[in-house]
Amino acid sequence: MIRNLALKAPIKITDKAASHIIKICKESKYSYLYFYASGGGCGGFKYNLKPINKPENIKDTLVHHKGASVYVDRMSELHVLGTTIDYEEKNYSKGIIDEGFKYIPEKDFATMCGCGISFSPKI
């Protein structure tokens, strides 16, 4: 299964997330967002996004979707493999009072913690 995913982009970006990534890059005058995992959180690892102008490492993977560009950290790639980056907007009728990026791990590769930011890889 990993072999099949390796032929595709390591992560997915939804249309909503792409429009917010583009907005962030325009407002911050950065060119890309950098997606990586770091230690911490209740699941052992947590997802991170930060604006950058160039990749941290020339071997980082660049993922494009609808005009949005995200570099995936080479060292984190196996941990975030199959993750979908989405954007959740406020919707008071559904009880969503905060908006922001939402990370959805591929269930075969990771389990998500209840906080929505940390995860535990299965690999």
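Colleague: Which strand does β2 join through three bridges, and in which sense, parallel or antiparallel?
Modeller: In this predicted model, β2 is joined by three bridges to strand β5, residues 68-72, and the two run parallel. Within that pairing, leucine 33 stands opposite valine 70 in β5.

Colleague: And how does β2 pair with β3?
Modeller: Strand β2, residues 32-39, pairs with strand β3, residues 45-52, in the antiparallel sense over eight bridges. Tyrosine 32 stands opposite isoleucine 52 in β3. Five residues lie between the strands of this hairpin, and glycine 40 takes a positive phi near 135° there.

Colleague: Back to valine 70: what does it touch?
Modeller: Leaving aside residues up to four places away in sequence, valine 70 touches Ile11, Ile13, Ile21, Leu33, Phe35, Thr61, Leu62 and Val63. Val70 also belongs to the largest nonpolar core, which has 20 residues. Val70 is there one of the residues that touch the most other members, together with Ile11, Ile13, Ile21, Phe35 and Val80.

Colleague: Which element supplies the largest share of this core?
Modeller: That is α2, with four residues. At least two residues each come from α2 (15-28), β2, β5 and β6 (84-88).

Colleague: New topic. What is the strand order in the open sheet of three strands?
Modeller: The order is β1-β6-β7, with mixed pairing. β1 (12-13) and β7 (100-104) each have a single partner strand, so one side of each is left without a neighbour in the sheet. Two bridges join β1 to β6 in parallel, and isoleucine 13 stands opposite isoleucine 85 in β6.

Colleague: Where does α2 lie?
Modeller: α2 lies across β1, β6 and β7, and runs at about 80° to β6.

Note on methods:
Residues numbered from 1 in each chain as written. Predicted model: local features only at pLDDT ≥ 70, side-chain atom pairs only at ≥ 80, totals over all residues. Heavy atoms only, no water. Pairing = 2+ DSSP bridges. Core = buried A, V, L, I, M, F, W, Y, C linked by side-chain atoms within 4.5 Å. Buried < 20%, exposed > 50% of the residue type's maximum accessible area, 1.4 Å probe, protein only. Contact = heavy atoms within 4.5 Å. Axes fitted to C-alpha atoms, helices over the stretch in contact; angles between N-to-C directions.
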